[in-house]
Amino acid sequence: GAGTWKSERVIASRQGPHLRLVGGGAGIMNFCANNYLGLSSHPEVIRAAVEALEKFGAGLSSVRFICGTQSIHKDLEEKIARFHQREDAILYASCFDANAGIFEALLTPEDAVLSDELNHASIIDGIRLCKANKYRYKHMDMQDLETKLKEAQKYRLRLVATDGAFSMDGDIAPLREICQLAQKYDALVFIDECHATGFLGPSGRGTDELLGVMDKVTIINSTLGKALGGAAGGYTTGPKPLIDLLRQRSRPYLFSNSLPPAVVGCASKALDLLMESNAIAQSMAAKTQRFRSKMAAAGFTISGKDHPICPVMLGDARLASVMAEDMLNRGIYVIGFSYPVVPKGKARIRVQISAVHTDEDIDRCVEAFTEVGRKHGALP
């Protein structure tokens, strides 16, 4: 009745800027995938996955410490650490697992964790699992963070946890200021880079590179399931003693099967492509700006800034759902987001720009939004 029931559309093609849906929908333009660099169907990424599948098999039937560690797993971990300019890295089945596994292993009842109120659900769930003293600061509010850091001085260790780029709003954490406060109050900094790895920063290293604080962020969690090939998998990268501890104590790592070889192969190739050239990552900025400026000119409110996540703010859950359906009728695949994915009263259609969208694709999407927005009263 509230318009928040979520249905799944069934795709009958590869992930990409254009899709075919079960039931006859062909040539649909896709504007809601996390496929930021278009690598989900990149021929070299697919070829690398096939080669890994043929050489190393379908799966390991084991966790890592029993008989689930292949040379390709170690090679990928080394490559991730090198990409982020960190000491070591550890693979997980997903970044949700990485976030579920780190706080409990690292923090004790003598410690404190300070979390942005709009952090991703997996960070929230991971923090719930640990016994540390928990503080939640107002979204990107540095005055509130400083107040809570002062309160947390009585604890042994303080960890500030934030998304690098926030997935629902497309805004970027003020990492320079966070790192300054962390240095002032002797705290560590943790960032989740799922919506930044591969395309933010001059060479796609993420928000810490973008904001010039790569040497001040202690721990990075991120995913292989978005820009880096789009299949599955996540990781933690940071100081080697921390990674060593996670291999011994992190429950999702200890009790989940190893990443399948095909997934490792495609993620490894995606990283190779990124480290060879930043051309794909750099192509994002102009396309993102094109969509944001044209939508603003049409009269829409777009949340965030300079990020390929472009939330079209509508407020009403039913309006977001109905407009998304009407967009599909015009050949544009987008999804309405409403409670509990976003707060009540903050419903939106989240558009995501990909490096493989053409300027014509973007212009057609804006035209469809304008038509549908006028039809349903979202525009004058």
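Visitor: Which residue stands opposite Met29 in strand 11?

Guide: In this predicted model, the residue of strand 11 that stands opposite Met29 is Ile332.

Visitor: Why are strand 1 and strand 11 called edge strands?

Guide: The open sheet has 3 strands in the order 1-2-11, with mixed pairing, and strand 1 (18-19) and strand 11 (332-333) are its edge strands because each pairs on one side only.

Visitor: How is the chain divided into domains?

Guide: Domain 1 takes in 18-30 + 278-376, while domain 2 covers 43-276; their centres, taken over C-alpha atoms, are separated by 28 Å. To the contact, domain 1 contributes 18 residues and domain 2 contributes 17 residues.

Visitor: How much area is buried between domain 1 and domain 2, and which residues of domain 1 lose the most?

Guide: About 1200 Å² is buried between domain 1 and domain 2, with 57% of that area coming from carbon and sulfur atoms. On the side of domain 1, the residues that lose the most area to domain 2 are Asn278, Ala281 and His307, which together make up 35% of what that side buries.

Visitor: Why is the meeting of Arg348 and Asp169 called a salt bridge?

Guide: The term requires a side-chain nitrogen of Lys or Arg within 4 Å of a carboxyl oxygen of Asp or Glu; the side chains of Arg348 and Asp169 meet at 3.1 Å, N to O, so the pair meets the cut-off. Across the interface of domain 1 and domain 2, the rule finds 1 salt bridge, and 8 residue pairs are counted in polar contact.

Visitor: Which elements supply the side of domain 1 that touches domain 2?

Guide: At least two residues each come from helix 12 (279-298), strand 10 (309-315) and strand 13 (347-352), and helix 12 gives the most, with 4 residues. By class, that side of domain 1 has 8 nonpolar, 6 polar and 4 charged residues.

Definitions and conventions
Residues numbered from 1 in each chain as written. Predicted model: local features only at pLDDT ≥ 70, side-chain atom pairs only at ≥ 80, totals over all residues. Heavy atoms only, no water. Domains from an automatic or database assignment. Contact = heavy atoms within 4.5 Å. Buried area = accessible area lost by both parts, 1.4 Å probe. Polar contact = N/O pair within 3.5 Å; in protein donor to acceptor, adjacent residues only side chain to side chain. Nonpolar A, V, L, I, M, F, W, Y, C, P; charged D, E, K, R; others polar. Pairing = 2+ DSSP bridges.
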